[in-house]
Each structure stands twice: as structure tokens, then as C-alpha cells.
Amino acid sequence: MNTADLIWLNGEFVAWEDAKVHVLTHALHYGTGVFEGIRAYETERGTAIFRHQDHLDRIEASAKLYYMDLPFSKEQLREATHELIGRNGFKSCYIRPLVWRGYGPMGLNPLDNPVEAMVAVWEWGAYLGEEGKRDGVRARVSSYRRISADSLIPHSKASGQYLNSVLAKIESEKAGYEEGILLDQRGLVCEGTGENLFIVKDGKIATPGFNSSILGGINRLSAITIAQDLGYEVVERDVARGELYTADEIFMTGTAAELTPIREIDDQAIGTGEPGPVTRAVQEVFEDALHGRSDRYADWLDIVPQVAPAK
Ligand SMILES: Cc1ncc(COP(=O)(O)O)c(C=O)c1O
């Protein structure tokens, strides 16, 4: 991981090595934090944060679902992120805001613990590799089910909930696959450990909806819009496990993985075993949108005002 010079912590810009919390931080023990994963890309108009406002809205919603008010306004977080990127001198980077219950009472009711916030940025390449984006990755269906709304809140991008993804990710990598696909509590397809899933059959696209316990991915929405604008039919519906193996094409979307095709699941080739034409068409426009090469989706970009790096 490439570090940066500065991290924004509770309103201050501090050196990377000084961005510390107390060991009795509530979130460290009980997972009471919510976070975002966001990316900024170098574009002709300058460094551009992809769908920044949507990510800020989602962290606010995630926090609310766990009884937290953001300790800074979304506009303050937005401006802090701009300044952080500028002062670190990054042209493109990954952005990680985190809001969490801090040091205070150690009981399970966190409502008297302070709510803290930080934003970190670092340079991070394609999560499943450039090769993965080009040729597709191999995935397995995880033996772990996605957390259900019976016991947690799948809508919230909450730190503690990620133990579910961590287990599935470890399991899939140990078994020699690049990604794990989780089924929901009903045994229907949900999503990857950090990505939403799309299947293509006979030219039509389907993706699981909120009743499958998905995280409402922002790139999922972008892919749906792009696919529809390209003239494809996109349906949000339950997807049975068997449909994975008989699909013509499958791809995943997420901030870290961007749009990555899947070429094999459980050792079965998907379609021809190579990314198909629908995946390629959506991926191409999606990449253009991310990198500011698309006028049509230009308003998805939050351009970072230029400031001199702190060095
Ligand atoms: C569990 C999970 N599902 C889906 C996604 C995709 O969401 P997004 O497209 O907003 O990055 C992510 C990544 O944030 C995730 O962690």
C-alpha cells in the first residue's frame, strides 16, 4: 500500500504516522463504524471524484442506521477530502472516509461514546488487477451466506458487518479463487465480497435487488444507467444460483474492483470463458465515465480544486 503524507482526522490534517486512536475505541471492539470507498481519477478537467455526493449521502445513511449523526457536515467532509487530495499531491487515489464510535464507556450501548471521523487517501490500483478487468476473474460461491436483515442491516456499509466479507474473501483466496460470491439467507445470489453482481442472458441483464440483502452499490447504479442508455434491458430481480453457471456473461461492479468480468465460477466457464460483448460495451462506457471522457456522465464527477501540495 502506498501511503500519503497527511490524513484528515476529526477536523485536523495530521501526518500519516500520527493518525492514531485509543485502544479502547468502541469501534475497535464492537465494529461500530461506517465507512465509504471512493475513487478519484485524473481527468482532463483535473482530479475528479466519482459520484462523491452519492458516497457522502450513503455514509450519512449508514451512520443513521447505527444511531450516529455525522460529526461534520457532508460539505465539510467534501471540502476536507478535496484539500487532502491536493495537499497530498495525488492526481488519482482511493478515498476512505470512516465515521466511528470513539473512546468512552465500554458497554455495548455506544450512545454516550463520541462519534469521530477521518478521511484517508492513498494510491491504489485495480483491486482485482488490470488483468482481471481485461480477462475476467475466477470466483467461487462462498460457503458463507451474506448477512441478512434479520440480524444486521445490509443497507449500511458498517465496519463490523465486514467480518462476513472477510471470511468469504479468505475462504475464496485460500481455495485459489480471486473472489467469493455470497448467496443470501434464502440461497439466492446476493453479491461479491465487495462488489455487486450482474448476469447477462440472451442479451438481457439481471441483478439482485435490495430484498437479496445487497449493499446498494453506487457503481451498480452507474452500470444500470449505462446499460439502459446503451439500450439493454436491466431487471432487478431474484437470481438463482443455477443461473450463474448458465449465464452468457457475468460481471461485478464496485469502487475498488471497478467493472470486472467473471470468467469462471466454481470451475465452470461463464459463456465462452471470456468477457462477452455486453460486459465489454458497458465496461467501456463505464471506464470513460470514471476517467472523465464521457460528456453524458460528466455530472457524476466532483472536480477537486487545485491546491499546492504541502511539501
Ligand atoms: C459488500 C459490498 N457490496 C457492494 C459494493 C459495491 O459498492 P460501490 O459500487 O458503492 O463501491 C461494495 C463496495 O463498497 C461492498 O463492500
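**A friendly note on cavities and cores**

1. Strand 15 gives three residues to the lining of the second largest cavity, the largest share of that lining. Strands here are DSSP runs of E with at least two residues, helices are runs of H or I with at least four, and both are numbered from the N terminus. A cavity is a set of points on a 1 Å grid over the protein atoms alone where a 1.4 Å probe fits but cannot get out, and lining residues have an atom within 4 Å of a point.

2. Before going further, please note that this is a predicted model, in which local features need pLDDT of at least 70, side-chain atom pairs count only at pLDDT 80 or more, and totals for chains, interfaces and linings use all residues. Residues are numbered from 1 along each chain as its sequence is written, and side-chain values use heavy atoms, leaving out hydrogens and water.

3. Back to that second largest cavity: its volume is about 30 Å³, where a volume is the space filled by probe spheres set on grid points joined across faces, edges and corners. Strand 14 (249–254) and strand 15 (258–265) each supply at least two lining residues. Among the lining residues are Glu249, Pro261, Arg263 and Thr279.

4. Now to the nonpolar cores, each a set of buried Ala, Val, Leu, Ile, Met, Phe, Trp, Tyr and Cys residues joined through side-chain atoms within 4.5 Å. Buried means under 20% relative accessible area with a 1.4 Å probe, protein chains only. The largest core has 26 residues, and Trp8, Ile85, Ile95 and Val121 touch the most other members. Helix 3 contributes four residues, the largest share of this core.

5. Isoleucine 85 deserves a look: leaving aside residues up to four places away in sequence, its contacts are Ala40, Thr47, Ile49, Phe90, Cys93, Ile95, Val121 and Val304. Contact means heavy atoms within 4.5 Å. A second, separate core of 22 residues includes Tyr41, Val200, Ala227 and Tyr297.

6. Finally, the cysteines. Cysteine 93 is buried at 4% relative accessible area, and cysteine 190 is buried at 1%. The structure holds zero disulfides, a disulfide being a pair of cysteine sulfur atoms within 2.5 Å.

Key
1 Å grid on protein atoms, 1.4 Å probe; cavity = no way out; pocket = protein on both sides within 12 Å on 5 of 7 lines; lining within 4 Å. Buried < 20%, exposed > 50% of the residue type's maximum accessible area, 1.4 Å probe, protein only.
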